[in-house]
Amino acid sequence: MEFVNLQGIRLDGRRPKELRQLCAEIGVVSKADGSAAFEMGNTRVIAAVFGPRAVQNRSQKIANRALVRCEYSMAKFSTGDRVRRPKGDRRSMEISLVIRQTMEACIMTQLMPNSQIDICLQVLQADGGTRSACINAATLALADAGIPMCDIVVSCSAGYLNTTPLLDLNYIEDSGGGPDVTVGILAKMNKVTLLQMDNKLPFDTFEKVMQLAIDGCEAISKYIREVLLENTKQLEYRRGL
Amino acid sequence: MARTISDLFSKKTDIPFYISYIHKITPNQTLKQNNQSTLNPRRHRERDHREMRDLKDLQKSLNQTQRVRLQSALQQLQEIYSRASSSPAAAVSVSDCIHVNLEDGVLKGHGTTNRNDDVVATVCGIVERVNKLVYVRDLRARYKPEVGDIIVGRVIEVVSKRWRLEINYSHDAVLMLSSMNLPDGMQRRQTSTDELNMRSIFEENDVICAEVRGFNHHDGTLQLQARSQKYGKLERGQMLTVPSYLVKRRKQHFHNLEQYGVDMILGCNGFIWVGEHVEHGVDVPVETVKSSIENMSIEEQKPNNFTPLETRQGLCRIANAIRVLSTLGFALSVEAILKTVEWSISSNVEIKDMLLSEFCVQAAEIEVQRRILLTKRKN
């Protein structure tokens, strides 16, 4: 299948090194301590953060840091064909774990001993890159909840199809069977907290693809920071002196 | 109804609390009674947090003109803010650098950390500088208690010698039996009988006002105290939940709004109590209370369960004004609340219509005018 045509245009009309349109909104779930909706093209997710709050299950309590829990779920209507997935299926369990570990790397858990933080992620529309979108949404929601973080985690995926590195794969490209790298980085500290790859890649190509994904992450981080700063300013001046 | 009778019963006679407890879980009670008594306090906690509405919901319900009006009002607020504050709002987001002169020996406060000799924010908020201290004041976070804060909370558990309260903090707060004045007003050691009678003072789901006494450094729980007549159980009113950054710490958190016959408590934790006005007498020694009760006839002993209609209307009006202001994200001061209430009365807005979008937009415009006046007066 031809993923990049002769003019260098992808199936959805993007250039190989082009992100999909980003859209972030803070404060979408009124009951949560912090919440955000994040869109990357047609992928749309909602994140809600509850806590820091008292640990619900006493046996899980950690004396010197906070317990971080994460729940990822896909809405039944999120994909093209309506699949009935059980609540704890393998795929969502794995993604929950990955996101939890990624977020734990940036949350300063030692500041909130004996408490727990719940991150709930819901995919409303899946068009490839849900795990990246979820991480970005979770970052926004955590920042909204006022949870101290050492840096912003952003994530982006990149792939290698038709001998071209492609940024931010959509569903068709994702299921094209080519290699697919998902990278999560701490934006300012330049550290990698998440790196997943399906399929194999020669080393020199891998570096190209990874660099592309990191560039994508930086663009996303710039956008996220703008959104956060604007939101903070709005809250402050509405509150008044 | 069943609840009030059983309440009276356990209060007037000295039944130890374990008997009333057994009484509650016997299966052959009426369904209604059972529902009441087994109501889970954790549920209440969920419900308390459900009240928040935000600007997003409001904006969806606006029509074109209202949207433009709200937009311009918010724009004006931004101008007032940037004019009034001496430095432009030093808003930072997570991991932004804070510019400091490191040679001055800067003290890093909350919401900051070190990275490669730079001071970096760890939360989104406003940079505040006090002498050498630099910290980031966060918005929209959970309540962060300080000693001496006046808070409103809800009892979720009665345990041995203490009540556990939900106060929108990351842990539950603890009110010890020994750190509150007993209703008889006597200063004495708390005995085991007092411990058994704890449910006659506060029960689960009661709303309480107290003061932050300090932290337990061992496990980080919060200790409260209620050593005055003005603290204690709050009855005949409603509790509202707002984001805690909207309530500023002031000298006065108890407000008696005389013209409406309403007491208002702006709890620092974002729980706000609006209730019927209660007179706090001087502490009456227990003997006189007892003798006066004996002298009273049966009718007089009945607690006055009736709140006049006007008071209730005033109460709801004030509560709705608070809801509107918190939806708009305005700081809740008594002046702002009263101004909104007065406007709603003078423009003949029904109480139930106060939550509609039209009044919200009007409230925003009123607040803008109030703030303009305030800044003019300062200059």
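How many salt bridges are there between chain B and chain A? I looked up the count, and it is five, where a salt bridge is a side-chain nitrogen of Lys or Arg within 4 Å of a carboxyl oxygen of Asp or Glu. One that I checked pairs Arg225(A) with Asp96(B), with the closest N and O atoms 2.4 Å apart.

**Ground rules.** I note that this is a predicted model, in which local features need pLDDT of at least 70 and side-chain atom pairs count only at pLDDT 80 or more, while totals for chains, interfaces and linings use all residues. Residues are numbered from 1 along each chain as its sequence is written, chains are lettered from A in the order in which they are written, and side-chain values use heavy atoms, with hydrogens and water left out.

**The interface.** I found 43 residues of chain B and 40 residues of chain A in the contact (heavy atoms within 4.5 Å). The two chains bury about 3800 Å² between them, 53% of it on carbon and sulfur atoms; this is the accessible area (1.4 Å probe) lost on being put together, summed over both. In chain B, Tyr81(B), Arg140(B) and Arg142(B) lose the most area to chain A, together 16% of what that side buries.

Which residues of α6(B) are buried? I list Gln66(B), Leu70(B), Ala73(B), Leu74(B), Leu77(B), Ile80(B) and Tyr81(B). They cover an arc of only 115° around the axis, so they sit on the same side of α6(B); the arc is that of the directions from the helix axis to the C-beta atoms. On the other side, Gln64(B), Thr65(B) and Arg83(B) are exposed. Buried means under 20% relative accessible area, exposed over 50%, and partly exposed in between (1.4 Å probe, protein chains only). The cover over the buried residues includes α4 of chain A and α11 of chain B.

**Within chain B.** I looked up Arg249(B), which forms a salt bridge with Glu146(B), N and O being 3.4 Å apart at the closest. Both lie in loops, so the pair ties together parts that are 103 residues apart in sequence. Glu367(B) and Arg371(B) also meet in a salt bridge, at 2.9 Å, and Glu367(B) and Arg371(B) are buried.

Definitions and conventions
Helix = DSSP H or I, 4+ residues; strand = E, 2+ residues; numbered from the N terminus.
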